[in-house]
Amino acid sequence: MSNLADKYPRISDMKDRAIKRMPHFAAEYLFSGTGYDRAMDHNQEILKNIFLTPRYLKGTVEANLKTKLFNRTYDAPFGIAPVGMTSLIWPGAEVTLAKLANKVNIPYTLSTVACASIEKVGMHLDNNGWFQLYPPKDKNIRDDLLKRATDSGYEVLVITSDIPASSRRERLRMAGVSVPPKINLRTILQAAISPTWSLGVLKNGMPQFATMDKYKNSQGNKKISKGYAGSQMDRYLDWDYLEEVRNIWKGPIVLKGLMDNRDALKAKDYVDAIYLSNHGGRQLDIAPSPLQVLPNIRKDVGNDFPILIDSGFYSGQDVVKGLMLGADFVMIGRPFLIGLAAVGTQGAAHAHYIIKDEIENIMEQVCAKNIEELKKETVNVGKEFILASLD
Ligand SMILES: Cc1cc2nc3c(=O)[nH]c(=O)nc-3n(C[C@H](O)[C@H](O)[C@H](O)COP(=O)(O)O)c2cc1C
């Protein structure tokens with residue numbers, strides 16, 4: 001890894017190369033937010049406003065990043081967030097990232113609308129995978145998805161709550177994003193100047209909704225076959241629906257996309273963990289950063305209820321900040337794909353290495369021997385962080 005570490009010491013150092021190697025529509029799909037990209041940009045601004053005041057004279061320590069969550073001990077306090085149509089971003093991404101996660105002992109979350117099926121990806125996860133559910137309105141489809149995930153050995157179910165409606169995704173419209181990619185002069189030209197991506201498609205096949213394909217013609221899901229709109233399949237979620245899923249799924253359930261204290265408190269009665277997220281700034285452009293709501297939600301739900309978080313965490317520094325403010329685990333979306341698109345399989349592994357090494361370095365600099373000690377460090381927030389509600 002040493003050459004890569006010199007060439008790309010930070011995730012951000014790989015971004016330009018990733019963009020160069022991807023067709024424009026794929027890069028726009030990965031890097032766009034929604035609306036005016038305010039939520040997406042704001043996630044990063046907020047992270048810049050958090051600091052750690054170090055204390056010293058504790059001798060030297062060796063940092064141990066192992067983190068317990070549910071019934072497992074992971075090798076690091078972060079995992080891979082669900083990303084739909086991942087193979088549109090980089091061909092074969094689902095299997096590549098699942099294998100990586102399994103090897104380095106961090107969780108990989110397969111999206112309902114990924115391009116590789118529950119079964120195919122499950123084979124690489126040794127009963128250690130997480131499956132993300134976009135809750136289909138058609139309960140037959142839902143129950144079948146849950147059965148397939150159980151049969152394929154997925155351990156944790158992540159239910160995404162923050163898409164009651166599709167967002168406008170203006171940049172995607174302009175870039176002509178669709179699945180399968182539209183074969184027209186514009187996309188052919190974009191693919192032609194991205195030969196590595198195109199060869200990947202030849203090897204792995206055109207990106208499809210591999211898990212959802214089975215239900216293409218089902219009554220309740222007429223939209224599935226309609227390209228990108230299909231990925232926004234008919235969804236529905238309320239507390240009763242959640243209760244029904246609770247009665248079916250035997251393993252831990254994580255509720256993703258929550259941002260409000262009241263929802264978080266109520267969720268305690270239904271699920272095993274909450275996952276604060278604004279979907280990487282892709283849904284509600286006027287949403288705050290999940291980090292801003294984290295401290296109060298932690299206060300309300302108590303110290304023993306697991307909180308996961310994502311949206312804008314692009315470095316080990318960012319992960320450390322999430323942990324110090326009260327999260328138990330940080331999920332990461334775009335950075336793994338930046339590594340994959342920039343350098344291929346090795347690049348995804350490099351993204352993992354960078355984040356882990358940055359965390360380790362900070363822990364050793366502040367003499368925190370484990371994650372629990374790190375969480376007790378003194379955290380400072382800039383005034384931009386404070387979120388006030390008007391009553
Ligand atoms: C291209 C793309 C596709 C996504 N697809 C899904 C999805 O299918 N299901 C889901 O729950 N979240 C999805 N997300 C949101 C991610 O799970 C995660 O919340 C977000 O990427 C975190 O922000 P980050 O990319 O800044 O780390 C997607 C995000 C991106 C960038």
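## Two helices that cross

An axis, for a helix, is a line fitted to the C-alpha atoms over the stretch in contact, and the angle between two axes is taken between their N-to-C directions, from 0 to 180 degrees. With that in hand, let's look around this structure, which is a predicted model.

Start with helix 17 (residues 334-343) and helix 18 (residues 345-365): their axes come within 6 Å and cross at roughly 145°. The crossing of this pair is right-handed. On the helix 17 side, the residues that make the contact are P335, F336, G339, L340 and V343, and they meet T345, Q346, G347, A348, A351 and H352 of helix 18. Sort the residues of this contact by class and you get six nonpolar, five polar and no charged.

## The sheet

Now for the strands. Strands of a sheet pair through backbone hydrogen bonds, either parallel or antiparallel. Here, eight strands make up an open sheet with parallel pairing, and their order is 4-11-10-9-8-7-6-5. Strand 4 (78-80) and strand 5 (109-110) are the edge strands, each pairing on one side only.

Zoom in on one pair: strand 10 (residues 307-309) and strand 11 (residues 329-332) run in the parallel sense and are joined over two bridges. Another is helix 15 (residues 290-301), touching strand 9 (273-276) and strand 10; its direction makes about 180° with that of strand 10.

## The largest pocket

How do you look for gaps? Rolling a probe the size of a water molecule over the atoms shows where empty space is left. The largest pocket holds about 590 Å³ of space. Its lining takes in 28 residues, and S12, K15, Q44, G312 and Y314 are the ones nearest its centre.

Which helix gives the most to the lining of this pocket? That's helix 4, with six residues. Helix 2 (15-21), helix 3 (24-31), helix 4 (38-48), helix 16 (316-324), helix 17 and helix 18 each supply at least two. By class, the pocket lining has nine nonpolar, nine polar and 10 charged residues.

The largest cavity has a volume of about 470 Å³. It is lined by 35 residues, with P82, V83, G84, H279 and R282 nearest its centre. Helix 3, helix 12 (227-231), strand 11 and helix 17 each provide at least two residues of that lining. Its lining residues split into 17 nonpolar, 12 polar and six charged.

The second largest cavity contains about 40 Å³ of space. Around it you'll find I80, A81, P82, V83, T86, L97, Y108, T109, G333 and L337. Are there charged residues in that lining, or how does it divide by class? It has seven nonpolar, three polar and no charged residues.

Definitions and conventions
Residues are numbered from 1 along each chain as its sequence is written. This is a predicted model: local features need pLDDT of at least 70, side-chain atom pairs count only at pLDDT 80 or more; totals for chains, interfaces and linings use all residues. Side-chain values use heavy atoms; hydrogens and water are left out. Helices (H or I, at least four residues) and strands (E, at least two) are DSSP runs, numbered from the N terminus. A crossing is left-handed if the near helix is turned anticlockwise from the far one by less than a right angle, and right-handed if clockwise. Contact means heavy atoms within 4.5 Å. Ala, Val, Leu, Ile, Met, Phe, Trp, Tyr, Cys and Pro count as nonpolar, Asp, Glu, Lys and Arg as charged, and the others, Gly among them, as polar. On a 1 Å grid over the protein atoms alone, a cavity is a set of points where a 1.4 Å probe fits but cannot get out, and a pocket is an open set with protein on both sides within 12 Å along at least five of seven lines; lining residues have an atom within 4 Å of a point. Grid points are joined across faces, edges and corners, and a volume is the space filled by probe spheres set on the points. Two strands pair if DSSP finds at least two bridges between them.
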